[in-house]
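Me: I am new to this structure and would like to know what its descriptions rest on. Please take my questions one at a time.

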Amino acid sequence: MSFLYIPQNTALGVIIFIMLVGVHPFDTRGCNSDEEIHLGIQKSSSPPMHLASHLSPSARDLIRKLMERDPTKRLTAIAALQHPWIRGETPTSNIIEGSDTKLSLYQELREKLASGIFAALVDGDNLRNKIGENDSREQSLTHLLKRAFEVFDEEGKGFVNEADLGRIMTKVTGASLSPADSKDMMTAAKEESSRSSLGLSLSDFSQLFSRLSQQHYKRGDYIYNPGDDGDAMYFINSGKVEVLTKKGHLVSILRHGDCFGEGSLLEDRNYRITAARCSTPVDVIRVSKNDFDRYLKSSSTKRSLKLKWKARRLAQAKQLIRLQSNLTKRQFLRNEVVYHEGDIGKKSMFLVDDGTLEVKHGDETLHKLSSGDSFGESSLLFQRPRSSTVVCASASCSLHELSGADFFALLESDPVHARALSDMCRKRMFHKAVKSYLLSQNSGLGGVVELVKAFRDVDKDNSGSLSLSEVRDLMLHMGNNSAIPEKDLRELLESLDLDEDGIVSLNDILEMSKAFK
């Protein structure tokens, strides 16, 4: 074991610095070896007093004099005992007063910035193709945070300045960040870093996320199983993860940059409903539930994360239907009708394998279906006549048909995916009602201007949100589906409230419409 020689008085200065500032003056990150600390002492001309700016002048004077490099000028033990700070002669009530508030604000700013970085990770999935899947495990955490860093540093400067912080944090929190707050946030983020005059570096981002856990799994390992506690979410750095139902059905494959496991953290339940199995060696970053709640507390990321999760759950539900062995292959030629608006006979739902189909209300085409889409679920789930006519619009259309009885049996065995399908069908019905209304007004069908017009027309009390009675009136334009029970209307209203703020606003409607383009 090696021992470092430090003059006793200097050692006392180090101890006082640690007690008052909270970090070692020559190891501010707390990760250096004894040898590295010794080297830092030898190279440093003075302790990092900028970290002690919150202390009284008397306390800073004592530390400086105890850690003076020149032994002839260094404070002796006897002189230290007589120092005003040691004797308690210079307490500064003005500085002490409010210091807890300052510390709390400092921590709050760091938490907000960490939330902003987490938001950039969640919304930065489209950067995945910019990072190769063969990155080494040692670099994966850096690459993950680099994605977030690039969202802040959109100009590619290599650092994040106060303007960058203001721009992103305003988007994340929904409230403008003042120049003073940006400056304070910059200082808070760099309290344990290199304090480059340019701004925050990638290493500063890493420091804020020092509690993230990097984990490696072998091929065939299960990250979690159905019924396990939902205590974390994950980001994939490398490899592939298969999502399996309780019965072992493969419903999706996740890759580098994807996140998963957030469902049990977003919902009231705290257990897993699917399994996550590694189909290759996998590296993940684990975000604990405590950190997850902390990051979402001061940001609007929850809405974005929940929308992504619902979309993935819906895709899994459709894949589960495709895996059924009781599907019937159906082939249609151009202009052949799959079913007519108002049909009430034998019901089933369909999956599009190939070709293009048109969904019509009267003679007008509401939208088109292509490979991967499904249709016919709404009239099954809500036990109503068909709300539209579906026609093959290409040379041929290849479909798979699932009978109503088999469809309900499948949903009964998997309530979670059943809820995802129900949510989709409710929104689809509303979307059709909006288009039917626009047709009745001789308006266009797909533009933002038309959607704004429809919203304002339906919002009869000009409150800026849609009430239950206003949605009921709009749904009358569904024709055969006009008699909608109160329970279904309330569930529809809840589905339309995408940001979960208790009201259905124009932004909710515009956001929902994107899913049907």
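Me: How much space lies in the largest pocket?

Reply: This is a predicted model, and in it the space in the largest pocket comes to about 1,600 Å³.

Me: What makes a residue part of the lining of the largest pocket?

Reply: A lining residue has an atom within 4 Å of a point of the pocket. By that rule 47 residues line the largest pocket, and Lys310, Ala420, Asp423, Met424 and Lys427 lie nearest its centre. Among the elements that give two or more residues to the lining are helix 14 (301–322), strand 13 (364–369) and helix 17 (415–440). Helix 14 gives the most, with eleven residues.

Me: How do the residues of that lining divide into nonpolar, polar and charged?

Reply: There are 17 nonpolar, four polar and 26 charged residues in the lining. Asp and Lys count as charged, whereas Ala and Met count as nonpolar. Lys310, Asp423 and Lys427, named above as lying nearest the centre, are therefore of the charged kind.

Me: Why are strand 2 and strand 5 said to stand at the edges?

Reply: The sheet is open, with four strands in the order 2-7-4-5 and antiparallel pairing. Strand 2 (222–224) and strand 5 (250–254) each have a single partner strand, so one side of each is left without a neighbour in the sheet. From one strand to the next the twist averages 25°.

Me: How do you know that strand 4 and strand 5 pair?

Reply: Pairing needs at least two bridges between two strands. Glutamate 242, for one, has isoleucine 253 in strand 5 as its bridge partner. Helix 14 packs on this sheet, touching strand 4 and strand 5, and its direction makes about 135° with that of strand 5.

Me: What joins strand 9 to strand 16?

Reply: Six bridges join strand 9 to strand 16 (residues 396–403), and the two run antiparallel. Arginine 330 has leucine 399 in strand 16 as its bridge partner. These strands belong to an open sheet in the order 9-16-11-14.

Me: Why is the contact of arginine 167 and glutamate 154 called a salt bridge?

Reply: The rule asks for a side-chain nitrogen of Lys or Arg within 4 Å of a carboxyl oxygen of Asp or Glu. For arginine 167 and glutamate 154 the N to O distance is 3.7 Å, so the pair qualifies. Arginine 167 is in helix 9 (residues 162–173), while glutamate 154 is in the loop between helix 8 (137–152) and helix 9. By this rule the count comes to 21 salt bridges.

Terms used:
Residues are numbered from 1 along each chain as its sequence is written. This is a predicted model: local features need pLDDT of at least 70, side-chain atom pairs count only at pLDDT 80 or more; totals for chains, interfaces and linings use all residues. Side-chain values use heavy atoms; hydrogens and water are left out. On a 1 Å grid over the protein atoms alone, a cavity is a set of points where a 1.4 Å probe fits but cannot get out, and a pocket is an open set with protein on both sides within 12 Å along at least five of seven lines; lining residues have an atom within 4 Å of a point. Grid points are joined across faces, edges and corners, and a volume is the space filled by probe spheres set on the points. Axes are lines fitted to C-alpha atoms, for helices over the stretch in contact, and angles run from 0 to 180 degrees between N-to-C directions. Contact means heavy atoms within 4.5 Å.
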